[in-house]
Amino acid sequence: MTMKRVDRESKRRNSEVLVIGGGVIGSAIAYYLSCDGLEVTQLEAAHQANGASGHAAGMLAAGLEHFSSEELRRWAQRSQQLMGPLIKELKLHSEINVGMNDSGFVVPFIKDRKREEEFSETIERAKQKHWWNKSKLQDEIPWITKKAEGALFYPQEHQLLPAELTKAYIKGAQKNGAAFIDHCTVSRLLLDNGRVTGVETNQGTYTADKVVIAAGLGSDAILRSIGTQLNTYPVKGEMVALSMQTTQTMNGETLRYTIYTPDVYIVPKPNQEIWIGATSIPYGNDYKVSASGLNTLLHRATGWVPGIGEASFIRTWAGLRPQTVDGLPYIGAYSEVQGLYLAVGHYRNGVLLSAVTGETMSRLLSGETEDEIGIRSFSASRIIKERRGIYCC
């Protein structure tokens with residue numbers, strides 16, 4: 001074996017930081033830390049974007065998504081601001097096209113006698129923002145149902161291909177010198193006098209000064225090796241992809257806006273694909289797509305965009321989103337083990353929150369505190385209080 005190969009293997013086995021997880025969160029963290037000049041090794045149990053990241057719709061919708069706290073909403077807005085410049089930077093480093101669609105999101109409304117008061121109030125609130133009346137809506141989206149009376153337009157909301165974003169983070173980190181090792185399952189954390197020193201895996205031992213666990217639902221099994229239990233659970237979401245290539249265009253227009261409603265979202269992707277999602281099944285723990293779930297998605301989608309009924313079927317899939325009991329992610333240092341950090345529980349907003357999570361972890365590992373960054377309510381150490389039956393707000 002040459003000295004060069006020995007040095008490369010040593011760098012992979014011994015690094016400054018180990019990042020556990022090859023999804024969008026772990027990959028964003030690895031990228032940001034590599035940009036800081038740290039020696040990073042990223043370990044993934046399966047392959048790139050295998051979990052929730054590769055099964056998401058890829059929406060960057062900080063203004064529309066539901067968040068369990070205002071702090072989390074502000075954090076999401078910060079991530080949305082970071083995304084534009086970050087994606088351009090990643091394109092230079094990775095040459096990967098993440099399929100960014102910046103046409104904006106549209107929230108249409110159908111006038112309903114039962115909801116007429118709510119509808120009127122929505123219009124009044126929207127007059128100072130981006131309100132499209134019926135005529136404007138039909139002009140912009142000829143595909144939309146004629147029953148729609150108007151819509152809110154959110155030009156700042158974008159969407160992309162989540163698996164490609166994950167790959168771009170990884171390739172960008174590799175260009176900065178990081179190592180990515182797939183099919184590497186972590187069985188336990190290694191500790192010495194209250195400090196993490198590395199991990200044991202099916203490919204042997206990896207050591208580091210600091211370990212960041214960002215393995216989504218897989219994080220719980222790793223933390224159980226040191227007697228810690230995460231209060232996370234899976235929420236299953238089913239989706240379907242259709243092709244509009246053989247469908248007649250509507251007045252020469254293809255669907256380019258993302259349609260976002262309370263019960264379904266319709267997301268146009270490259271090559272005239274349409275992704276429709278998503279059901280929400282708490283504690284759903286398999287990747288099967290039910291006939292009833294598929295029927296529900298198609299029924300709701302064609303109610304808003306009737307032309308979808310003419311589209312051809314491509315595929316269905318399901319993803320398991322990691323949710324926490326209080327709806328807030330675990331972000332930060334785990335105080336009971338020196339050098340151990342968590343970035344877990346982003347639920348359905350991992351793609352959106354990836355940029356700010358990477359930035360935050362970079363700041364934490366550089367020495368800033370949770371209070372300085374403003375993420376105390378996300379503290380990973382609240383696990384200790386939860387374990388004692390005390391929930392922090």
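Colleague: How many helices and strands does the chain have?

Modeller: The chain has 11 helices and 19 strands. Both are DSSP runs numbered from the N terminus: helices are H or I with at least four residues, strands are E with at least two. This is a predicted model, where local features need pLDDT of at least 70, side-chain atom pairs count only at pLDDT 80 or more, and totals for chains, interfaces and linings use all residues. Residues are numbered from 1 along each chain as its sequence is written, and side-chain values use heavy atoms, with hydrogens and water left out.

Colleague: What share of the chain is buried?

Modeller: Of the 393 residues, 53% are buried. Buried means under 20% relative accessible area, exposed over 50%, partly exposed in between, with a 1.4 Å probe and protein chains only.

Colleague: And how many contacts join residues at least 24 apart?

Modeller: 75% of the contacts between residues at least 6 apart in sequence. Contact means heavy atoms within 4.5 Å.

Colleague: On to H3. What is its span from first C-alpha to last?

Modeller: H3 reaches 34 Å with 25 residues, close to the 36 Å expected at 1.5 Å a residue. The expected span is 1.5 Å times one less than the number of residues.

Colleague: Where is the kink in H3?

Modeller: At Met 83, shortly before the proline Pro 85, and the kink is about 40°. The bend at a residue is the angle between axes fitted to the seven residues ending there and the seven starting there.

Colleague: Which residues of H3 are buried?

Modeller: Among them are Leu 72, Trp 75, Leu 82, Met 83, Leu 86, Ile 87 and Leu 90. Arg 73 is on that list too.

Colleague: What covers the buried residues of H3?

Modeller: The cover includes helices H2 (24-35), H6 (162-175) and H9, plus strands S3 (59-60) and S18 (330-333).

Colleague: Take H9. How do the axes of H3 and H9 cross?

Modeller: The axes of H3 (residues 70-94) and H9 (residues 350-365) come within 7 Å and cross at roughly 90°. That makes H3 roughly perpendicular to H9. Axes are lines fitted to C-alpha atoms, for helices over the stretch in contact, with angles from 0 to 180 degrees between N-to-C directions. Under 35 degrees counts as roughly parallel, over 145 as roughly antiparallel, 65 to 115 as roughly perpendicular and the rest as oblique.

Colleague: What classes of residue make the contact of H3 with H9?

Modeller: 11 nonpolar, 5 polar and 2 charged. Ala, Val, Leu, Ile, Met, Phe, Trp, Tyr, Cys and Pro count as nonpolar, Asp, Glu, Lys and Arg as charged, and the others, Gly among them, as polar.

Colleague: And H2, at what angle does it cross H3?

Modeller: Roughly 75°, with the axes coming within 13 Å. Tyr 31, Tyr 32 and Cys 35 of H2 meet Leu 82, Leu 86, Glu 89, Leu 90 and His 93 of H3.

Colleague: Switching to backbone. Which residues are joined by a cis peptide bond?

Modeller: Gly 277 and Ala 278, with omega about -15°. Ala 278 is in the loop between S15 (273-277) and S16 (281-282). Most residues other than glycine have a negative phi, and most peptide bonds are trans.

Colleague: What is phi at Asn 271?

Modeller: Near 65°, a positive value. Asn 271 is exposed, at 60% relative accessible area.

Colleague: And Tyr 347, where does it lie?

Modeller: In the loop between S19 (340-344) and H9. Tyr 347 has a positive phi of about 55°, and is partly exposed at 22%.
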